[in-house]
Amino acid sequence: MENGDRAGAGAGAVGSAGSLGLRVGQAVFSSASLLFMSVGVEFFSYTAFCFLVTIMGLVIPWSCTLAMIDVYSVFVGCPLRVPGVMFIVVVGDWVLSVLSFAAACSSAAVIDLLLQFHGSQCSPRFCGRYQLSAMMAFLSWFLTAASAIFNFWFVASM
């Protein structure tokens with residue numbers, strides 16, 4: 001085993017260096033999505049954008065909390081091995097993964113619809129920021145789904 005994956009923790013399971021990288025990426029992309037969607041943009045006119053802001057607002061504290069656990073586990077060398085806690089992490093990851101994907105898809109669909117009207121419903125400045133926000137949400141979803149798969153795999157092998 002590598003140093004970051006001590007005591008048999010899976011490559012991306014909670015308590016490993018891989019998990020720390022995934023969690024930091026989730027927090028960064030979720031924060032970027034939230035920032036692009038909500039700063040100086042009138043997102044509240046569309047339900048899909050409100051949904052995206054809400055879900056990214058849930059992913060950020062979830063990812064940051066688990067990143068702190070990963071930092072502790074990696075530096076102290078004590079990976080998280082409690083089956084009940086791991087089950088909660090797996091369920092939380094799966095729920096947030098599905099919700100993140102739904103929010104990113106619905107936002108991308110609304111952006112596409114707005115652009116179909118040749119920008120008459122959306123100024124180029126706003127549509128560009130909406131697109132960046134949706135792209136960051138998809139990247140955050142990808143990392144959240146990877147975390148969910150790694151943690152599910154780890155729990156199944158416990």
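The crossing of helices α2 and α3 is left-handed, meaning that the near helix is turned anticlockwise from the far one by less than a right angle. The model is a predicted one, in which local features need pLDDT of at least 70 and side-chain atom pairs count only at pLDDT 80 or more, while totals for chains, interfaces and linings use all residues. Residues are numbered from 1 along each chain as its sequence is written, and side-chain values use heavy atoms, with hydrogens and water left out.

Helix α2 spans residues 47-76 and helix α3 residues 83-116; helices here are DSSP runs (H or I, at least four residues) numbered from the N terminus. The two pack at an angle of about 150 degrees, with axes 9 Å apart, and are therefore roughly antiparallel (over 145 degrees). Their contact comprises 20 nonpolar, 4 polar and 1 charged residues.

Turning to the aromatic side chains, the structure holds 4 aromatic pairs, counted where ring centres lie within 6.5 Å (planes under 30 degrees apart are stacked, over 60 edge-to-face, the rest tilted). Tyr 46 and Phe 49 form an edge-to-face pair, with centres 5.3 Å apart and planes at 70 degrees. Phe 49 also pairs with Tyr 130 in a tilted arrangement, at 4.4 Å centre to centre and 40 degrees between the planes. Because Phe 49 lies in α2 and Tyr 130 in α4 (residues 124-156), this pair ties together parts 81 residues apart in sequence. Phe 49 is buried at 0% relative accessible area, Tyr 130 is buried at 2%, and Tyr 46 is partly exposed at 24% (buried is under 20%, exposed over 50%, partly exposed in between, with a 1.4 Å probe and protein chains only).

How values were computed: Axes fitted to C-alpha atoms, helices over the stretch in contact; angles between N-to-C directions. Parallel < 35°, antiparallel > 145°, perpendicular 65-115°, else oblique. Nonpolar A, V, L, I, M, F, W, Y, C, P; charged D, E, K, R; others polar. Phe/Tyr/Trp six-rings, centres within 6.5 Å; stacked < 30°, edge-to-face > 60°.
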